[in-house]
Amino acid sequence: MSDTNFASRWLSARRRIIEHEFASLNPEQRRAVMATEGPLLLLAGAGSGKTTVIINRIANLIRFGRASDTEETPGSATEEELAFLERYAELFSPEDREEARRLCALDPADPWRIMAITFTNKAADELKTRLAKMLGEAANDIWAATFHSVCVRILRKDVDRLGVFTSSFTIYDTADCQSLIKRILKDLDLDEKKFPPRSILSVISGAKDERVGAQEFLDSAGADPWRKSIGRVYMEYSRRMIEANAMDFDDLILHTVELLEQNEEVRAFYQRKFRYLLVDEYQDTNMLQYRFVSLLAGERQNICVVGDDDQGIYKFRGATIENILSFEKQFKNCRVIRLEQNYRSTEMILNASNAVISNNTERKGKELWTKNGRGEKLTLYEAANENDEAQYVASKILAGFSQGGNWSDYAILYRMNAQSNQLEHALKRNGVPYRVYGGMKFYDRAEVKDMMAYLCVVNNPEDDLRLRRIVNNPPRGIGDKTVENAAQVAAEEGLSLFTVMDRAKEFPALQKSAAKLAVFTEMIRDLRAEVPNRNLDDLYDLVVTRSGYLSALEQKDTQEDRTKAENVKELKTNIIEFIKSHNGIGNLAEFLDEMALYTDLDEMEGEDQGVTMMTMHSAKGLEFPSVFIVGAEEGIFPGLRSIGDPEAIEEERRLCYVAMTRAKQKLTITMAKQRMLFGQTRSNSVSRFVKEIPEECLERVSAGRSYFGGTENRSYGDQRSESRYRSYAEERRAAYGGSRAEEPVKKHTVTPPKAPSAPAKLDYRKGDSVEHKAFGRGVISSMSPMGGDFLVEIIFDKVGTKRLMLKSAAQYMKKV
DNA sequence: ATCATAACGCTTTTT
DNA sequence: GCGTTATGAT
């Protein structure tokens, strides 16, 4: 009797103590943190503190093990200890905390037995940083990484057990895969127009997701000629990937799954190793990833997945929201916790977002609420055309800035990258600094890829694809003809391209170019020989000089080539950073791995501040005080392709939900009654998603004449403000010496200066002294008409130069 | 091998 | 409307 009494007292004290550790969380969050055992589905709405929960959950596992989720008490517990705990549970005296934690803990988890999987490097890094802050040293041993990097790690260790690849396999990025497909199409004599490489890759990717191999795919093609051809390409693709000892992104997961399935020993090792599994953004996983995760979860099934079915926007890439919808079926006895309190947005924004998403049928159901207060209504601006739309956005941002806001408070989100152009022009015209994300990335630049290709070949000469890229770059007199001949020989003899080139003089077809080839292969072999002797950065220098790549650029010496040379040098900075982050040791193969799985999105947060411009897709996971969603028109958003397809529309609607819930305080949606897109003017009706927003959340503004082209009479010669607030994109280009930097702001025709609804000038002019309520005394240094108002630049005595919109500033200011 | 011209064809894209 | 790419001429 007293035993059960003892136990229940112990449990209750322990419970109170652990709860106290996580007192800063709301009840649902705390429940999620404490439900450590067995499968858990965490439906975390936008802005519900999801990452906080993940961090705290891991902290709980490490500090208390399963203590928060079991009725079990330690057999060795004594009355004195119980008394101590009960006292601590009342007083929570800090000096007793360590001891209390020790007594409460039950099987605390070793950090290296916890795996947290994310989709992006950025998310993984954020996780690691926040874990380190909370847990210190111990955080380093937690496997917090992306699906792909986890798989690479597993494969590097054990792929050879599959008997197909060796552990020095290379990773092909999307561009690599595309050029491989193009080669194959050429060799199979298929028309690229009829078989676009992108779609082929997506079909192959889909097949891999369903675990249909090339042969099986071909067999199942039946009489369908298109599928038959694709099947042949798939066959060849797989064959060449194996031959090159290369894997694409899907293969990384696929082959890990195969390895785990086929190899008892490997599977047992990882199942035993990982006691707790955490998967973020579960709504974006595909079937393969589900398979991978469930293999790791093993019998123990300590798997917690976090996601939001309303935010699944990557179906087109193979993600199945199905995974989240059927999690409860896949993992028996699963618990479900919903996080519906939103800490990000105002009620107004949330009500509007909830209303929109409620039109979807395929969802778990969830309604966000907040204590943040009502907030401003959303603004819907109906622009006359795309120029007017852009000008409206720019002037609103400018107005906000002039009232003390930061540029970085603003984000402009659009459906497709092509929409960014007019917006960029408008921002530039108005001197608003901005950054466009998702354009040409550093690692996509030809010269950077070239240098990476050199490193790949040095690392692995069998890498035919990269070899082709560099063999005549810079020009070495090894033309296509020679390479084709060599490829032919390689195919006949079953040798790699490099080997054939290396032994060119043995083959009659290559006699003519044997000498040139020998120079090249010897260079590669020399470089290879240096790998063990040098630091990675030294090796890179050597590659840059020995390849002749840099000197070829320097010889041509056009502006463009100088930019390229800069980029080649810039890559070294990345190498040095890599070495730094790896305790001074730079291993070539590791470097290539990291780069293969790296995107520039990762370096997003910079000290730079400016307005953020990106697609709605890339905005997922981010937040901004003020968000503009532009192009809210049928045919653009939802996109033309999705109209008429209910499932696609639902995905677009989720995208709309994601975009709307990025906003913390103010959400503005714009549409244009007429728009020029792809060289044609169309008039679209307002997006159905806008119609789904309750009228009481909306404030409608239409294109008055005032926004229509009102900036035009500002001369382009007025470079001062343009250069002072030069946009970051420009700055970047300028830094790279890019040719686009000199490009003048494009003169767009249209609209003569209406000097419109003449803003009554309010009796101010350049040179006037003013007294401002907030900023004090100052002198107007410039005035330019803008959007039916004037943008004035005032040099204040105390606070420096401010740019203000005259109409609004006038209320706080008088002439002196 | 490199340049010029024409023709095309266009979502979204964590890895 | 624009940027990419294929093709042909030097």
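Q: Among contacts in chain A between residues at least 6 apart in sequence, what percentage join residues at least 24 apart?
A: This is a predicted model, in which local features need pLDDT of at least 70 and side-chain atom pairs count only at pLDDT 80 or more, while totals for chains, interfaces and linings use all residues. Residues are numbered from 1 along each chain as its sequence is written, chains are lettered from A and ligands numbered from 1 in the order in which they are written, and side-chain values use heavy atoms, with hydrogens and water left out. A contact means heavy atoms within 4.5 Å, and among contacts in chain A between residues at least 6 apart in sequence, the share that joins residues at least 24 apart is 75%.

Q: What percentage of the residues in chain A reach a pLDDT of 70 or more?
A: pLDDT is the predictor's confidence in each residue, on a scale from 0 to 100. Chain A has a mean pLDDT of 86, and the share of its residues that reach 70 or more is 88%.

Q: Over which residues does pLDDT stay under 50?
A: Where pLDDT is low, the predicted coordinates should not be read in detail. Although the model has 93 contacts beyond four places in sequence for this stretch, pLDDT stays under 50 over residues 705–760.

Q: How many helices and strands does chain A have?
A: Helices (H or I, at least four residues) and strands (E, at least two) are DSSP runs, numbered from the N terminus. Counted in this way, the secondary structure of chain A comes to 33 helices and 24 strands.

Q: Which strands stand at the edges of the open sheet of seven strands?
A: Two strands pair if DSSP finds at least two bridges between them, and this sheet has parallel pairing in the order 13-14-12-15-16-11-19. The edge strands each have a single partner strand, so one side of each is left without a neighbour in the sheet, and they are strand 13 (434–436) and strand 19 (698–702).

Q: In strand 14, which residue is the bridge partner of Leu 413?
A: Strand 12 (residues 410–414) pairs with strand 14 (residues 611–615) in the parallel sense, over four bridges. Within strand 14, the bridge partner of Leu 413 is Met 614.

Q: At what angle does helix 18 run to strand 16?
A: Axes are lines fitted to C-alpha atoms, for helices over the stretch in contact, and angles run from 0 to 180 degrees between N-to-C directions. Helix 18 (residues 386–402) lies across strand 11 (378–383), strand 12, strand 14, strand 15 (624–629) and strand 16 (663–672), and its angle to strand 16 is about 155°.

Q: Is the crossing of helix 12 and helix 14 left-handed or right-handed?
A: Helix 12 (residues 249–262) and helix 14 (residues 287–297) pack at about 35°, with their axes 9 Å apart. The residues that meet include Ile 253 and Leu 254 in helix 12 and Leu 288 and Phe 292 in helix 14. A crossing is left-handed if the near helix is turned anticlockwise from the far one by less than a right angle, and right-handed if clockwise; this crossing is left-handed.

Q: How many of the five residues of strand 7 are buried?
A: Buried means under 20% relative accessible area, exposed over 50%, and partly exposed in between (1.4 Å probe, protein chains only). Ile 303, Val 305 and Gly 307 point one way from strand 7, whereas Cys 304 and Val 306 point the other way. Of the five residues in strand 7 (residues 303–307), the number buried is five.

Q: In strand 7, which residue is the bridge partner of Val 279?
A: Strand 6 (residues 276–279) runs parallel to strand 7 and is joined to it by three bridges. The bridge partner of Val 279 in strand 7 is Val 305.

Q: What is the relative accessible area of Asp 763?
A: Asp 763 lies in the loop between helix 32 (728–736) and strand 20 (769–772). Leaving aside neighbours within four places in sequence, Asp 763 is in contact with Asp 768 and Lys 815. Asp 763 is exposed, because its relative accessible area is 61%.

Q: Is Ile 643 buried or partly exposed?
A: Ile 643 has its place in the loop between strand 15 and helix 29 (646–660). Not counting residues up to four places away in sequence, the residues that Ile 643 touches include Pro 638 and Arg 688. The relative accessibility of Ile 643 is 36%, so Ile 643 counts as partly exposed.

Q: Which residue is joined to Phe 637 by a cis peptide bond?
A: The residue in question lies in the loop between strand 15 and helix 29. With omega near 5°, the cis peptide bond runs from Phe 637 to Pro 638.
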